[in-house]
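Let's take a walk through this structure together.

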Amino acid sequence: MEDTILVTGGAGFIGSNFILQQMERSSPHLINLDKLTYAGNLRNLETIARNPRYEFVHGDIGDRLLARSLLQRRQPRAIVHFAAESHVDRSIRGPDDFLRTNVDGTFALLEEARAYWTELAGQDKSTFRFLHVSTDEVYGSLASNDAPFSETTPYAPNSPYAASKAGSDHFVRAYHHTYGFPTLTTNCSNNYGRFQFPEKLIPLMILNARAGKPLPVYGDGQNVRDWLYVEDHCGAIATVLERGKPGETYNIGGWNEQRNLDIVEMICDMVDEMAGCGEAPRRRLITFVKDRPGHDRRYAMNATKIERELGWRPKETFATGLRKTVRWYLENEEWVSGVTSGSYREWIETHYAS
Ligand code: NAD
Ligand code: DAU
């Protein structure tokens, strides 16, 4: 059998960056199991679509028969599980899909993966890994003087999205503890970079700024997130997959806390510089809007464990990563128009209506 890794949610923002990076840097065959929700986009992967080392399978992680037959047919040595509903605001408007995919879907995948692993023998069994990609949001919110989240910070999820990710993390933990199933969990902070669906802060602000539309900052704009360039996150996942210890969790972050308003101002200035602004700098478009219900005030990650134990550190600085990202969105008109039609417009119109 070929050396194969099964990736779920590989048509989304981080999953597609991970697949492209892996295709360049390493040699396994990659299977991408993705339902292609509004957030899944095969355009992200068109450069490798016909590569014999890559296979796309259209399906739901909750479809147990599909997962079973895929595992039997391709015999992967690892599963990297990205598939999820990922947007906090959507989870507040309609939590059902979050429970279905993030909790039930992860549970279904765990069950099928455990059955598959149970039948493996020798080295295939001892080297198999299930890597679950999770988030810092499971830890809740920090006050300005609190220490950053560590792997031992108690879970305190505040949004339906965070609660669904916490639920899936607990199942993953229990499968290791109860069955000895070889899991790895990564909890990462906010990502940014190419291919992020423009419902999220950074791409939304870049595209609105380019179009001269209002830039909707929630509340007072002083909420803090810890931003990591997506390619650094993908590198960290590859490191954990290679060298992480089964049953362990690893926090991943950029040591890069930023206030939302500061980011929006940086984006305005970069778009002004790259696209020109005449007499009207884009900062004038900043508009304070009603806050997100239950809006977490601050996230910050202590990523010492992955640094110390596995030797991973982020490579990109925020200034260079943000500049690359702004340029990418300005230069990739076709990708942008592909994702900003139909259901996207509907979301923006409904969510920002008031
Ligand atoms: P995304 O929303 O861009 O992509 C999610 C992908 O999963 C899409 O391709 C979608 O089609 C697919 N998917 C959704 N439901 C599915 C199902 N039932 N079966 C199969 N595929 C399904 O998400 P993202 O931002 O790339 O996040 C990926 C993972 O990383 C998620 O688990 C998320 O919780 C986690 N994470 C994200 C961030 C971030 O800043 N974006 C940070 C930390 C952790
Ligand atoms: O921390 C990791 C998490 O980061 C991931 O688990 C999630 O999948 C990902 O979506 C992201 O969640 P956030 O809620 O932090 O990201 P978002 O881009 O939606 O918002 C970032 C900050 O910007 C947050 O404080 C809310 C604010 N914001 C967001 C939007 C969309 C605004 O002020 N205005 C907006 O229009």
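This is a predicted model: local features need pLDDT of at least 70, side-chain atom pairs count only at pLDDT 80 or more; totals for chains, interfaces and linings use all residues.

In it, 25 residues surround ligand 2, and the closest are D136, Y161, R292, H295 and Y352. By type, this shell divides into ten nonpolar, eight polar and seven charged residues.

Now look at the oxygen atoms of the ligand. One oxygen atom of ligand 2 is 2.6 Å from an N or O atom in the side chain of R292, and an oxygen atom is 2.9 Å from an N or O atom in the side chain of R225. Taken alone, ligand 2 exposes 690 Å², and the protein buries 95% of that. The elements giving two or more residues to the shell are α3 (88–93), α7 (201–211) and β8 (215–218); β8 gives the most, with three residues.

Next, the rings. The structure holds 21 aromatic pairs. In one of them, F130 and F181 have ring centres 5.7 Å apart and planes at 50°, so the pair is tilted. This pair links distant parts of the chain, 51 residues apart: F130 lies in strand β5 (residues 129–135), and F181 in the loop between α6 (160–179) and β6 (183–188). Both F130 and F181 are buried. Ring pairs also join them with Y116, W117 and F128 into a cluster.

One member of that cluster, W117, has the charged end of K125 over its ring, 4.8 Å from the centre.

Conventions. Residues are numbered from 1 along each chain as its sequence is written. Chains are lettered from A and ligands numbered from 1 in the order in which they are written. Side-chain values use heavy atoms; hydrogens and water are left out. A residue is near a molecule or strand if one of its heavy atoms lies within 4 Å of it. A polar contact is a pair of N or O atoms within 3.5 Å; within protein, one must be able to donate a hydrogen and the other to accept it, and residues adjacent in sequence count only if both atoms are side-chain atoms. Accessible areas come from the Shrake-Rupley method with a 1.4 Å probe; for residues, only the protein chains shown count as cover. Helices (H or I, at least four residues) and strands (E, at least two) are DSSP runs, numbered from the N terminus. Ala, Val, Leu, Ile, Met, Phe, Trp, Tyr, Cys and Pro count as nonpolar, Asp, Glu, Lys and Arg as charged, and the others, Gly among them, as polar. Rings of Phe, Tyr and Trp (its six-membered ring) pair if their centres lie within 6.5 Å; planes under 30 degrees apart count as stacked, over 60 as edge-to-face and the rest as tilted. Buried means under 20% relative accessible area, exposed over 50%, partly exposed in between (1.4 Å probe, protein chains only). A charge sits over a ring if NZ of Lys or CZ of Arg is within 6 Å of the ring centre and within 35 degrees of the ring normal.
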